[in-house]
Amino acid sequence: MLNGRFIALGVTGSIAAYKAADLASKLTQAGASIDVLMTESATRFITPLTLRSITGRPVFIDMFDPGTEMAEEHVEIARRASAVIVAPASATTIARLAHGLAGDMVSLTVLATEAPVLIAPAMDGQMFEDEATQANLAALRERGYIVIGPAEGRLASGRTGPGRLVETETLLGALKQALGRDGDFSGRRVVVTAGGTREPLDPVRFISNYSSGKMGYALAEAARDRGADVTLVSTVTARPCPYGVRLVGVETVAEMREAVLAACDGAHALIMAAAVSDYRPAERAGRKVKKGPQEKSLALEKTDDFLLEVKGSIIKVGFAAETDNLLENARAKLKAKGLHLIAANDLTAPGSGFGTETNQISIIDAAGEVEEVPLLSKYDAANRLLDRVAPLFEKG
Ligand code: CTP
């Protein structure tokens, strides 16, 4: 989604300016063309040469430089940008923007653009918490600017508190969300489940499966990138949640059921990528079970198949991970669970299934028609599935 887009990156005078190089690099690798704009103060922290070398494009600092293409049309960057991101945004730049002062290339571009503007503050904690900065940030939010962070942690001053520039991954996520805000899922609430449920035997052991949650996370990210408001119900909370996605951490089938039924209230689509246990231990020991001389057997009871319980006009999409009779089993599940679509997954196919970075899915619709999707990254496979969900909204 960044490929071929013009992104304006404003860098201002903060010690975190060096991190802008990482952001510029990741954006360039993703295929975007980056117009870097720097304030004079920013050039004291990081050289224009560094950013020019990373982006392979000129860096703009002086509004009146006759040598640049800006001399005649100095708002051209603001016009061609699909998004403007100021990272790091110093207290001074935030103040300038709040008051509409366009005295440097960064604030000029922000003021002159119609594209979404993202502001990532980075400064010492006390400067951030100062009433003036807070009031300026509130004014920017009020005007529709997207303020990301700052994160809390160790600051250059040696103090600890809010003021750190957020991670590059977070900035990339926020950019993608901003770029996709008018996408085909705009205004749609989507619930995605991810990971394998865990059913405890005692306080230290559980029954689970090999699901890594990667497919669910890819679906959540892809839906966000198309403008959806996404809730991710996941058992793998150690993984960073995609920016802008609401994460609900769960462990057992009962917890997932409760979270999904609550999130589905008023939602437009449910995509069940989680591998949900069909059985759980009939008893859960309150203390660690000790070994003994005898063999042991385990009594299991059935869990709730809650996909069946989700009712209403919501679009329901399931996954069927199988080792044999793939299409036949998937079709039976689609019918039994009243689904609109099911993604059938052959666990034995190379590059597919649990833990892999790629997936080969076959999408079956309510009429039983099969679409064979080739082996793709999980993000691309997720988008192919979402391509099939989007038209169902219109019908529903
Ligand atoms: N599912 C569910 N609740 C369960 C079990 C499964 O909502 N208790 C959902 C899964 O998230 C998936 C779909 O139902 O989207 C199919 O799950 P799967 O485990 O493949 O099918 P089962 O119906 O459990 O059948 P089996 O395990 O025998 O293959």
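Modeller: The account below begins with the ligand and then turns to the chain around it.

The model is predicted. In it, the ligand is surrounded by 15 residues, and the closest are Met272, Ala274, Asp278, Lys333 and Lys337. Alanine 274 takes part through its backbone, a polar atom of which is 2.9 Å from an oxygen atom of the ligand. Aspartate 278 takes part through its side chain, where an N or O atom is 2.7 Å from a ligand oxygen. For lysine 333, a polar atom of the side chain lies 2.7 Å from an oxygen atom of the ligand. The ligand taken alone exposes 570 Å², of which the protein buries 77%.

As to its location, the ligand sits in the largest pocket. The shell around the ligand can be sorted by class into seven nonpolar, five charged and three polar residues. It can also be sorted by element: strand β17, which covers residues 315-322, supplies three residues, the largest share of the shell.

The loop between β17 and α12 (326-336) contains asparagine 325. Asparagine 325 is not a glycine, yet its phi is positive, at about 45°.

Two further backbone features concern prolines. Proline 88 belongs to strand β4, which spans residues 83-89, and the peptide bond that joins alanine 87 to proline 88 is cis, with omega near 0°. Proline 150, by contrast, is placed in the loop between β6 (146-147) and β7 (151-154). The peptide bond from glycine 149 to proline 150 is likewise cis, with omega near 10°.

The wider chain gives the setting for these details. Its secondary structure amounts to 13 helices and 22 strands. Along the principal axes, the C-alpha atoms fill a box of roughly 80 × 50 × 40 Å. Of the 396 residues in the chain, 47% are buried.

Individual residues illustrate how burial is assigned. Arginine 224 is part of helix α10, which runs over residues 214-225. Its relative accessibility is 2%, and arginine 224 therefore counts as buried, since the cut-off for buried is under 20%. The side chain of arginine 224 also makes a polar contact of 2.8 Å with the side chain of aspartate 225.

Leucine 23, in helix α1 (residues 19-29), is another such case. Leucine 23 counts as buried because its relative accessibility is 1%. The C-alpha atom of leucine 23 is separated by 57 Å from that of glutamate 295, and the two residues are 272 residues apart along the chain.

Alanine 102 is assigned otherwise. This residue is found in the loop between α5 (91-98) and α6 (105-112). With a relative accessibility of 32%, alanine 102 counts as partly exposed, because that class lies between the cut-offs of 20% and 50%. From alanine 102 to alanine 112 there are ten residues in sequence, and the distance in space is 8.9 Å, C-alpha to C-alpha.

To return to the part requested, the ligand sits in the largest pocket, with oxygen atoms of the ligand placed 2.9 Å from a polar backbone atom of alanine 274, 2.7 Å from a side-chain N or O atom of aspartate 278 and 2.7 Å from a polar side-chain atom of lysine 333.

Conventions
Residues numbered from 1 in each chain as written. Predicted model: local features only at pLDDT ≥ 70, side-chain atom pairs only at ≥ 80, totals over all residues. Heavy atoms only, no water. Near = heavy atom within 4 Å. Polar contact = N/O pair within 3.5 Å; in protein donor to acceptor, adjacent residues only side chain to side chain. Areas by Shrake-Rupley, 256 points an atom, 1.4 Å probe, with all protein chains shown as cover. 1 Å grid on protein atoms, 1.4 Å probe; cavity = no way out; pocket = protein on both sides within 12 Å on 5 of 7 lines; lining within 4 Å. Sits in = over half its atoms within 2 Å of the grid points. Helix = DSSP H or I, 4+ residues; strand = E, 2+ residues; numbered from the N terminus. Nonpolar A, V, L, I, M, F, W, Y, C, P; charged D, E, K, R; others polar. Buried < 20%, exposed > 50% of the residue type's maximum accessible area, 1.4 Å probe, protein only.
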